[in-house]
Amino acid sequence: MKALVLKPATKEVSVRELPIPEPSNGEVLIRVHAVALNPVDANYVLHPLAEQEQRIIGTDFAGIVTAVGPDLGSSSDLRAKVGARVAGFHQGACSTNDRPGAFAEYITAPYDLLWAVPDSMSLEAASTISMCGLTAAQGVFARLGLPCPFDDQAASSVDSTSDVINVLIYSASTSLGLYAAQMVQLAARSSGRKIRLIGTASPSKHEFLRQEPYKYDVLVDYRDPNWAEKVKEATEGRGVDRAADTISEGETVYKVHDTLKENGMLVVFRAPKGGHYDPKHLRIKPIYNSVWEGLGHEIGYNGITLPANPKARVFATKFFNFLSTAATDGKVKVQPNPVRLMPGGLERIVPDGFALLGGGMVSERSTSRSEDYMRPISGEKLVYRIVDEGK
């Protein structure tokens, strides 16, 4: 099979021929049809964490099961059957310990960390959901404590005496922001609580963000130097109960923090070192969310070791089980990001996709390319088709 492989010592990435992997117990073999790009994919190629001679890179994927592990032959789970349409995510080269990557023609994965893709959704669209969707679910439910529709063990930590829960999502039109808004709406519907959803975004995205499935109540221009004050005005001056900073870079963390009420909570998605902020300067300490914990393995990441977290893995399986119900009842639980289908397959991920994503701060992205598919990223996910679904 072909795979996109990084040599960490030289930062060289190339398409290489590798043996097709074999599924172990609890795993399935997947023919990858589409992959979606995330900033970490590019960042940890330009700034490698990996210490091995070579690593397959990439996180998000969708494809079709072509074989199952030795212990799954009699499984009744749809995801453990040959021919199943599934999606999930790997860690790729985003760690020091050796973890599998998704950017290959075939991959193996634990079946319970996949979700069954409904027939109404393309595999290209499905490839955009898994990593960012779980990140958003962890942030909104497990970290911020909003009512969770799929995990009875995740008790709400929001004040039950308040008439309205004010929730802020900074940079609402990012991929993560689009999923976080959907998680907030799921929390509102499943609990019956009134949630006022407030977002920051470019005015050109406001009308889009007011519509289903995001349904923002209040939107402010993040370029407005007084946006934080306008957010607080929307809460009648009380401040925000819960906030998610989907950028988590420097001043964004400090300004989002300034919108919080006295006992508010803030979740961030970049650690202080990578995000260039210092929690010591903040009255309320931000809660760092690492999606990798959902994979259930010890992770060597940015100078720290995250121990294996069985609780986080159980939460991940419940989230993917929740998504999988759409394959049987036809009701899609989380809408995929808008897709920008990029040309060229594996060979063009680095020269095109990574050029758009950059290798560092979101605020520093730029490209001088003139092709339409190389326009700046806004409210969409870059997706590469590895093979047509009918093949």
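Domain bounds here come from an automatic or database domain assignment. The model is predicted.

**Exercise 1. Domains and their contact**

Task: State which residues make up domain 1 and domain 2, and describe the contact between them.

Solution. 
- Step 1. The assignment gives domain 1 as 2-128 + 308-385, and domain 2 as 133-289.
- Step 2. Taken over C-alpha atoms, the centres of domain 1 and domain 2 are separated by 26 Å.
- Step 3. Domain 1 puts 22 residues into the contact, and domain 2 puts in 28 residues.
- Step 4. About 1,900 Å² is buried between domain 1 and domain 2, and carbon and sulfur atoms give 65% of that area.

**Exercise 2. Polar links across the interface**

Task: Find the salt bridge between domain 1 and domain 2, then characterise the side of domain 1 that touches domain 2.

Solution. 
- Step 1. Between domain 1 and domain 2 the count is one salt bridge.
- Step 2. Aspartate 151 and lysine 318 form a salt bridge, with their closest N and O atoms 2.8 Å apart. The cut-off for such a pair is 4 Å.
- Step 3. Eight residue pairs are in polar contact across the interface, both residues being at pLDDT 80 or more.
- Step 4. On the side of domain 1 that touches domain 2, helix H9 (residues 310-324) gives the most, with six residues.
- Step 5. The residues on this side of domain 1 comprise eleven nonpolar, eight polar and three charged.

**Exercise 3. The antiparallel sheet**

Task: Give the strand order of the open sheet of three strands and identify its edge strands.

Solution. 
- Step 1. The order is E2-E1-E4, with antiparallel pairing.
- Step 2. Strand E2 (12-17) and strand E4 (55-56) are the edge strands, each pairing on one side only.
- Step 3. Six bridges join strand E1 (residues 2-7) to E2 in the antiparallel sense. Leucine 6 has valine 13 in E2 as its bridge partner.

**Exercise 4. The parallel sheet**

Task: Give the strand order of the open sheet of six strands, and explain why one side of E11 and of E14 lacks a neighbour in the sheet.

Solution. 
- Step 1. The order is E11-E10-E9-E12-E13-E14, and the pairing is parallel.
- Step 2. Strand E11 (218-220) and strand E14 (287-288) stand at the edges; each has a single partner strand, so one side of each is left without a neighbour in the sheet.
- Step 3. Strand E10 (residues 194-200) pairs with E11 in the parallel sense over three bridges. For threonine 200, the bridge partner in E11 is valine 220.

Notes: Residues numbered from 1 in each chain as written. Predicted model: local features only at pLDDT ≥ 70, side-chain atom pairs only at ≥ 80, totals over all residues. Heavy atoms only, no water. Contact = heavy atoms within 4.5 Å. Buried area = accessible area lost by both parts, 1.4 Å probe. Salt bridge = Lys/Arg side-chain N within 4 Å of Asp/Glu carboxyl O. Polar contact = N/O pair within 3.5 Å; in protein donor to acceptor, adjacent residues only side chain to side chain. Helix = DSSP H or I, 4+ residues; strand = E, 2+ residues; numbered from the N terminus. Nonpolar A, V, L, I, M, F, W, Y, C, P; charged D, E, K, R; others polar. Pairing = 2+ DSSP bridges.
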